[in-house]
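Hi everyone, thanks for coming. Let me put the structure up, and then we can walk through a few parts of it together.

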Amino acid sequence: MRRYVAARLGQAAVLLLGVSVIGFALMHLAPGGPLALYTLNPTVTAQDIERVKHLFGLDQPVYVQYVKWVYGFLSGHWGYSFFGGRSVAPIVLERIPATLELMGSSLLLALAMGVAIGIWAAVRRNTLVDYGTATVAMLALSLPTFWFGLLAIYVFAQVLGWLPAGGIETTGNGSLIDRLTHLLLPMLVLALVLTAQWSRYTRSAMIDILTQDYIRTARAKGLGPVRVLVGHGLRAALVPLVTLAGLQLPLLVGGALVTETVFSWPGMGLLFISALDNRDYPVLMAILMVGALFVVLGNLAADIAVALIDPRIRLSHV
Amino acid sequence: MLRERLTIGRRALLAGTAAATVLGHLRAAGARTPGQLIIGMNEEAVNFNPLLYVNTGVETSVEFIVFDAPWKLDPTGSFVPNLATEIPTQANGGISADGKTWTIKLRKDVLWHDGTPFTAADMIFTLDTLLNPKVVVRSRNGHEHVETYKAVDDYTVLIKLKDNFAPYLVSWQKTSVIPKHVLASVPDINTADFNTNPIGTGPFRFKERVAGSYISFTPNEKYHGGKPKLNLLVQKYIADQQTMYAQYQTGEIDIYDINGIPPVLFAKAKQIPQSKTLLSPSPFVEFIYFNCAKPQFQEKVVRQAIYKAVDKKGWIDAVWYGVPVPTLSYLPPNHWAYNKNLEDPGYDPKQAAAMLDAAGWTVGADGVRAKNGVRLAFTMSTTAGNKPREQAQQLVQQNLKKINIEMTIKNMPGSVVWGDYTIKGEYDTLMVAWDPLLYPDPDYTDRIHSKLIPAKGGSGSNYVQYENPEIDDLCAKGVAAVDQAERKKIYDRIQEILLEDVPFAPIFSWQAIMAAHDWVSGYTVNPYTSTNSWNTGDWSVT
């Protein structure tokens, strides 16, 4: 086990290096760059732009810039934002709590609701319940978030006036209740799409299980439906679900681009959008690396968890 | 990152409704905090160093709240002394007879937010920083015309210019002073803590920034312009325009500022109770920019015909709901130097077609005009996703199709269009809004002088690659003249020539739709500054 984890971490390091090379190259090869914002500023002349380009080191060859960046990143210095001159690490890390709050709460809610709905749909397979939940899930997955987010704001903030229209707290208030009222709409909007995913995965995993002989045996022994479904059924269906959870783990720090923008939620998604608009390379690279790290960790955690749940899977053989 | 696609689910909606009912009552209990004003903006300020920030408007707002310049511009366009005791003129001896020596006298009662007195040393330090090649200042604001400068005493600064440069008055209106005692010992000003934790002399002190949410300011009790009336001023960042509109409507923000309410919502915004909308004229003029170096646009008759064939009024009315003001010049019509005698070429597709026929641009077999093998076909670019601009492009496309000109829309992300694509002259035409370099000074040298074409190695912003010796000459005369009446004649002529040559086609001057709730007083739109936060010390709430 220990050897397995060490080997996986070694692979992860190589993977992250590859991600950084590709990310850095794509960013610099794409047309345009961080100086466009300067061009749009009427007080800035072409002379100023040349001067700034040199000061940022953007006039150097890309591989020189990359080597400098890698060296800095590994020695714990992630560079400075082109816009604001702040050190990149705090710019990125200070967004994690907000994103964690939003994504964590909606993932938990989605997990609870999605698994419950999935089991229900699997048990009532090919009935109105199954078709109904499938239809709602398909709708949830296919309609755009920004539209639903704006609709929620329109109904609950503008028309009914019950909930605030975005933001993480009332400026100058910030009590727990206040923060919860701000969390509610974006959390529900996000939880909806995640619930739809979870319910579909749970349903198909459970359908496989429910036709197995041991379920019939359990029923025949006279076990109640809850023990059959949860104790025997869900437990066996956990493997694909844990894998899905591992895949969604990066969302906890990656945030949600659209929902965070619509609800002005000051998380990683919002930061990513503005850094992308401005081509703030140092910030983009940092977000990319943090995101990639969590993808790697999420997958690793899922593999380990699956092995712990299912004794038939041996990590040494993976 | 999650790329979500979502819709409404009845279950979630019901659950949400139930929870909202409970929480809604709790929220209604909390009223507005007395003395606290929240101004909403849909861009985020991140750099508060007035010399370094890039994003004019939202970051200028912080500059005006925290810092001061020697003088400021009021809404009538008059200069008002701020850190200086008077506006230098030749009459009061502040500007020498040859226009090259400037004496700035400073107030003696100004304190930095940490209590240190403000002196001429800070002015000198500000100039040192602006001209320091290692500091990433966005622009030198015209201070590159400075030859020498020194502090005569603690409250007098003497500046000698290399040449006679009338817009220099605006240079100091645009240059906020930074504190020497805080920054002189900082090894690298580009990454100084000061840039996110500024200390100024302005009406408010910087309190805190919560990334992605807001920036707050507390009043500077000892402000030399009088104690501000608010207890707390908040500049709140709301990324989405619709959400910002919702927050304004619910009173979560008191003022709707930067970039304004989308014109499509103008009629609705006027109906919001306890609120008034304000049209905020801006120095920005919307243009069709021609790349005069491209074969299609080398003859001015082509540019003239396009200008004539475009339905300018239809553009303003259909796309912008009639909010912007038509202009025939690079200046807004309310500017003192605007040439009121410019003759409007109007909207006349027939005449435009006739002009092209006469010039030898005849319609080919493919239905598109051509001359000597050059097809009258081109692309037009602007920032992708800018809906009103995309609509306007379609309108222009249809207008031009009628006179057999083929225009293709080629929009790209802002970071692409406004980079080398613009600067190095790779574009055919652009749809863009710009204002003069040192607005409200009417000097436009930077955008029209033949030596300032970056695509040809020049250092300015003549992206249209326009070359006209008479214009070069007039530009030089314009900045050297001091008398306003004399300058007016020069700029009248410049505008006349530009309208004849059409290197860029001016369409309208922008007006943003701002809104303020009735409990706010003192908020006054200012056509001469890039943000309306120019007098926050006078703002109050009831």
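Let's start with a question: which residue stands opposite Arg375(B) in E15(B)? The answer is Ala370(B). Before going on, a word on the source: this is a predicted model, where local features need pLDDT of at least 70, side-chain atom pairs count only at pLDDT 80 or more, and totals for chains, interfaces and linings use all residues. Residues are numbered from 1 along each chain as its sequence is written, while chains are lettered from A and ligands numbered from 1 in the order in which they are written.

Back to our strands (DSSP runs of E, at least two residues, numbered from the N terminus). Strand E14 of chain B, residues 369-371, pairs with E15(B) in the antiparallel sense over two bridges; pairing takes at least two bridges found by DSSP. In chain B, the order E13-E14-E15 makes an open sheet of three strands, with antiparallel pairing. E13 (362-363) and E15 (374-375) of chain B each have a single partner strand and stand at the edges, so one side of each is left without a neighbour in the sheet.

Now the domains, whose bounds come from an automatic or database domain assignment. Chain B has domain 1 (2-65 + 202-274 + 518-541), domain 2 (68-183) and domain 3 (283-511). Taken over C-alpha atoms, the centres of domains 2 and 3 of chain B are 35 Å apart. Here, 12 residues of domain 2 of chain B are in contact with 10 residues of domain 3 of chain B, contact being C-beta atoms, placed from the backbone, within 7 Å.

Conventions
Helices (H or I, at least four residues) and strands (E, at least two) are DSSP runs, numbered from the N terminus. Two residues are in contact if their C-beta atoms, placed from the backbone, lie within 7 Å.
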